[in-house]
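Student: I have a sequence and its structure open on my screen. Could we talk through them together?
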Amino acid sequence: MKKTILLLLPFAGLLWVPLYNRHDPVLLGFPFFYWYQLAWVPVTSVLIWMAWKADKQS
Amino acid sequence: MSTSLPDNAAIGVFILFFVATILLGSTVRFWRPLLNRRKAATNHSQGEEWGLGGREFGAWVTWFLVGGDFYTAYTVIAVPALVYSTGGFGFFALPYTIIVYPFIFAVMPKLWTIARDGGHATAADIVRARFGSRTLELAVAISGLVAVLPYIALQLIGIRTVVEALGYTGMLPLLFAFVSLAAYTWLGGLHAPALTAFIKDVMIYIAVLAAVIIVPIHLGGYGAMFHAASEHLPAIPGGRVVSQDQTVPYATLALSSAFAAFLYPHTLTGILAAKSADTIRQNAVFLPIYTIVLGLIALLGLMAHAAGIVTTSSSQVVPQLFLAIFPSWFAGFCFAAIAVGALVPASVMAIGAANLIMHNILPRHSESVTGSRLAGLGVKVGALGCVVFLNAKFAIDLQLLGGVIILQTFPALIMGLLPLRLSAPALIGGWASGSLFGLGLCWMDGLKPVHPIAFGGFSASVSTGLLALGVNIVVTMVLGSVIRLALGASPSTLQPRQSMRRQG
């Protein structure tokens, strides 16, 4: 169950486009739209890693 | 056009790196035993060795093999071209290549285990064993074969594009692309792409890191780059980056691409060639590293605007940007990286499709290496036909067309893993309806990957692949219920047959 939520989070965070469809705030020159989505890459890696750990324990 | 013309240095460096990679990859059979004596005694048939690499790839090779599937002409040519033409909308490739990994993690280890236990090499094998239906096997195999043709076509366009950027015109660039792909795959088999995937990734990393560092420095930093690019693209009101009516296409294209990505025969080949289910899980953790670079490559489309590149052929955006910014010898190196980056995946795709023909489509189970090679060659000729006859507005439309076709195998292959009561006739009906519906829409819309729909107060353009998959699932469910009612069958008689093996 916990594992399912971990794996569904990236879908929720990335497929609801109005959530991040804006220019501001800008970070290091990147509009929010771009850096928000790039930030999901390491976050997704960590989430999958947590799900992997949870898998191994059970 | 603000084009810097390539000189002999560019052409020389390009040929050197491109030819060296092909030679190294295609002669692998001869020098690999020298490095690795352990392999001397092998219990795999020659066909399984050529096609699946003997199902023995560990975490690192799988990482390069599976990750490399994304580093294709799709990434370095087609996505930047779309970003150049449409701005932020083309960036949907980024969410696509993120959400695909949780999906892989959840689904693919199960498929791998089923494939290993049953000795299956392809999606069609798995489906046949699970549902005991030769017709369904054929349906899934034909989808895989047809879907991969436009995807290989996109790779051929990638190679053609860089050869054109080197100053060649007419039929020669396409011929060059086709001949190099055919020669490389004929000689090398899957081991060639697995090992050259490493060379290819290193070359692409050098090219891309140079581009994402040097190009913004030229243009005064990322902030200035985004600003300059926005002046060349249509203004979007309300401080948004994509217009409001593009948000649904953006999300649905990302989702359908992610569902489709690992149904292709070549991507599934990469997964099934892994050593263990855990190798796949581990890879799902580390593969997203690729995606960061993919996002930066997509931005090359914006950088091209900022660098003043003006071209009517959007596929030329990245090569022209490299010619404008880099010294010509390094542009030549980058072109070789792009060409190898198209060649290696195209070869994996052709092998995956050849496996399907030999394994699942031909009536007699044939393991001859020559047969596989001939099948692979046939696949490449089909891809060449797609380049010549399909007139897509953007190169990326070819990849999305492949997605529409391959998504129709989703119910049989992926939903088949769930404890649902799916039966072969219902799945075949769903597959046929979804495929006809999807291809019909693509035909009517001129290969445009989204189709406008409206119901109630809601209207939006939705990914054609997802719409067709919806039709597919609904028909599968309805047919399934009708068949159950008509037969009055108890659920137990419709349980999938796990142990069914092929007779042929």
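Student: Over residues 31–52 of chain A, how far apart are the end C-alpha atoms?

Tutor: Good place to start, and keep in mind that this is a predicted model. UniProt, in an unreviewed entry, places a "transmembrane region" at residues 31–52 of chain A. In the model that stretch is 95% helix and 0% strand. Its end C-alpha atoms are 32 Å apart.

Student: Which helix of chain B gives the most to the side that touches chain A?

Tutor: Across the contact, 30 residues of chain B meet 28 residues of chain A. On the chain B side, α6, α11, α12, α14 and α15 each supply at least two residues. By class, that side has 21 nonpolar, 7 polar and 2 charged residues. With 8 residues, the one that gives the most is α6(B).

Student: Are α6(B) and α15(B) roughly parallel or antiparallel to each other?

Tutor: Their axes lie 9 Å apart and the helices pack at an angle of about 175°. An angle over 145 degrees counts as roughly antiparallel. The two helices are therefore roughly antiparallel.

Student: Which residues of α15(B) meet α6(B)?

Tutor: From α6(B) come Ala93(B), Leu94(B), Thr97(B), Ile98(B) and Tyr101(B). The contact has 7 nonpolar, 3 polar and no charged residues. On the α15(B) side, the residues are Pro288(B), Thr291(B), Leu294(B), Gly295(B) and Ala298(B).

Terms used:
Residues are numbered from 1 along each chain as its sequence is written. Chains are lettered from A and ligands numbered from 1 in the order in which they are written. This is a predicted model: local features need pLDDT of at least 70, side-chain atom pairs count only at pLDDT 80 or more; totals for chains, interfaces and linings use all residues. Two residues are in contact if their C-beta atoms, placed from the backbone, lie within 7 Å. Helices (H or I, at least four residues) and strands (E, at least two) are DSSP runs, numbered from the N terminus. Ala, Val, Leu, Ile, Met, Phe, Trp, Tyr, Cys and Pro count as nonpolar, Asp, Glu, Lys and Arg as charged, and the others, Gly among them, as polar. UniProt positions are given in the numbering used here, feature names are shortened, and annotations may be inferred rather than shown by experiment. Axes are lines fitted to C-alpha atoms, for helices over the stretch in contact, and angles run from 0 to 180 degrees between N-to-C directions. Angles under 35 degrees count as roughly parallel, over 145 as roughly antiparallel, 65 to 115 as roughly perpendicular and the rest as oblique.
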